[in-house]
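Subject: Handing over the structure, with notes

Dear colleague,

Please keep the structure open beside the text as you go.

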Amino acid sequence: MSGASGAGAAVPAVQERAPSASDGTSARAASDTSAPARIGTSAPVTSGTPAPASYDDLVSRALTGRLGPDPRTLRIAVAFTTSQVVRHDGRRGGYRNEVLSLRLDRAVGSCAVEPGALSETAVDDCVGADVARLLEHALTPVRVAALDAYLMHVTPHTPENGALPRPLPAGSSLEKSRARAKAVVELLDVRPGQTVLVVGVVNSLLEALRSRGVPYIPCDLKGGRTEWGEPIVTDALAELDRCDAVLASGMTLGNGSFESLREHALRVGKQLVMFAQTGSAILPRFLGSGVSAVCAEPYPFFWLDGGPGVIHRYGHLDGCTEAAL
């Protein structure tokens with residue numbers, strides 16, 4: 001899904017990404033006439049403390065117990081991977097998803113991985129381990145999933161913690177993907193003619209932007225072309241000066257490219273909206289520190305079930321109108 005290179009090459013994404021170039025889905029011609037929901041201005045309960053200076057600073061705070069219980073006293077009860085292969089009706093291509101998830105009490109933290117890259121030994125190594133040890137694990141996906149689980153345990157996605165739930169209707173994977181895309185795109189506050197850099201090519205997101213007439217630069221590690229024939233760039237950092245806003249996948253956490261995107265957004269005052277299955281509890285911590293809004297989707301993800309679901313949004317649409325979108 002994510003495709004950022006330069007300061008950190010993005011690993012291929014999970015369902016947050018689209019199959020690759022042309023998979024056969026045609027864009028919807030009809031405009032959405034409903035007004036975008038205003039996202040609550042309430043900040044996470046952590047807003048009383050300074051935002052982390054960086055991702056490493058956030059990890060350091062967790063390790064030293066400044067965000068909640070001492071992570072040395074908390075152990076992972078279950079570690080598992082979720083793997084799927086998808087090919088939607090009407091699409092010419094397919095894709096694979098693989099996600100590492102760690103369960104801490106009621107919380108589940110996740111990080112997408114390159115399919116087949118994570119050994120069973122690595123998963124076994126997580127079970128029964130304390131969170132502090134996993135926050136210093138040699139493998140990045142383990143560290144990210146452990147931090148995500150810890151923060152989900154400390155600050156779950158609730159209105160009290162600044163999250164507003166957005167129901168997803170029951171339906172096919174494609175229908176639910178389009179519903180999620182609409183919820184994500186509503187978080188963007190762009191004026192006519194402004195360009196969005198999409199880090200992690202997701203066909204449903206591109207479709208939603210196209211239906212609103214928003215120009216975009218698709219970026220994904222694997223390159224190729226979108227289903228509309230547009231070239232997909234592979235270096236997100238090289239495109240930052242050509243865009244007015246950034247829409248990026250949480251998979252950027254798994255390779256280090258998130259910090260470069262966040263620092264750029266913070267430095268120049270550019271909007272950075274994150275959509276996250278990976279690190280859904282991590283990214284809201286950076287609201288106001290480079291991150292403008294987050295669409296958080298913890299496990300179980302929408303593509304696992306055909307029934308109704310829910311995602312959680314953080315941030316604020318300041319004066320945004322449907323016409324602007």
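This is a predicted model: local features need pLDDT of at least 70, side-chain atom pairs count only at pLDDT 80 or more; totals for chains, interfaces and linings use all residues.

I begin with two pairs of helices. Two packed helices are described by the angle between their axes and the distance between the axes. In the pair made of helix H1, which covers residues 55-63, and helix H4, which covers residues 140-154, the angle is about 60° and the axes lie 11 Å apart. That angle makes H1 oblique to H4, and the crossing in which H1 passes H4 is left-handed. On the H1 side the contact is made by Tyr55, Leu58, Val59 and Ala62, while H4 brings Arg143, Val144, Leu147, Tyr150 and Leu151 to it. Sorted by class, the residues of this contact comprise eight nonpolar ones, no polar ones and one charged one. An α-helix has 3.6 residues a turn, so residues three or four places apart point the same way.

The second pair is formed by helix H5 (residues 173-185) and helix H6 (residues 203-211), whose axes come within 8 Å and cross at roughly 55°. H5 and H6 are therefore oblique to each other, and here the crossing in which H5 passes H6 is right-handed. From H5, the residues Leu174, Ser177, Arg178, Ala181, Val184 and Val185 meet Ser204, Leu205, Glu207, Ala208 and Leu209 of H6. The classes represented in this contact are seven nonpolar, two polar and two charged residues.

H6 is mostly covered, since eight of its nine residues are buried, namely Asn203, Ser204, Leu205, Leu206, Glu207, Ala208, Leu209 and Ser211. The elements that cover these buried residues of H6 include H5 as well as strand S5 (196-199), strand S6 (216-219), strand S7 (245-249) and strand S8 (271-276). In H1, the residues Tyr55, Asp57, Leu58, Val59, Arg61 and Ala62 are buried, and what covers them includes H3, H4 and helix H8 (257-268).

Leu197 is placed in strand S5 and counts as buried, with 0% relative accessibility. Leaving aside residues up to four places away in sequence, Leu197 touches Ile217, Cys219, Ala236, Glu239, Leu240, Cys243, Ala245, Val246 and Leu247. The C-alpha atom of Leu197 is separated by 7.8 Å from that of Asp244, although the two residues are 47 residues apart along the chain.

Gly128, by contrast, sits in the loop between helix H2 (120-126) and helix H3 (131-135), and with a relative accessible area of 35% it is partly exposed. Residues up to four places away in sequence again being left out, Gly128 touches Arg75 and Ile76. From Gly128 to Ala79 the C-alpha to C-alpha distance is 8.9 Å, across 49 residues of sequence.

How many disulfides does the structure hold? The number is zero. Among the cysteines, Cys126 is buried, with a relative accessible area of 0%, and Cys219 is likewise buried, at 0%.

The peptide bond that joins Tyr299 and Pro300 is cis, with omega at about 0°, and Pro300 lies in the loop between strand S9 (293-296) and strand S10 (309-314). Asp105, although it is not a glycine, has a positive phi of about 55°, and its place is in the loop between strand S2 (95-104) and strand S3 (107-112).

With kind regards

Terms used
Residues are numbered from 1 along each chain as its sequence is written. Side-chain values use heavy atoms; hydrogens and water are left out. Axes are lines fitted to C-alpha atoms, for helices over the stretch in contact, and angles run from 0 to 180 degrees between N-to-C directions. Helices (H or I, at least four residues) and strands (E, at least two) are DSSP runs, numbered from the N terminus. Angles under 35 degrees count as roughly parallel, over 145 as roughly antiparallel, 65 to 115 as roughly perpendicular and the rest as oblique. A crossing is left-handed if the near helix is turned anticlockwise from the far one by less than a right angle, and right-handed if clockwise. Contact means heavy atoms within 4.5 Å. Ala, Val, Leu, Ile, Met, Phe, Trp, Tyr, Cys and Pro count as nonpolar, Asp, Glu, Lys and Arg as charged, and the others, Gly among them, as polar. A disulfide is a pair of cysteine sulfur atoms within 2.5 Å. Buried means under 20% relative accessible area, exposed over 50%, partly exposed in between (1.4 Å probe, protein chains only).
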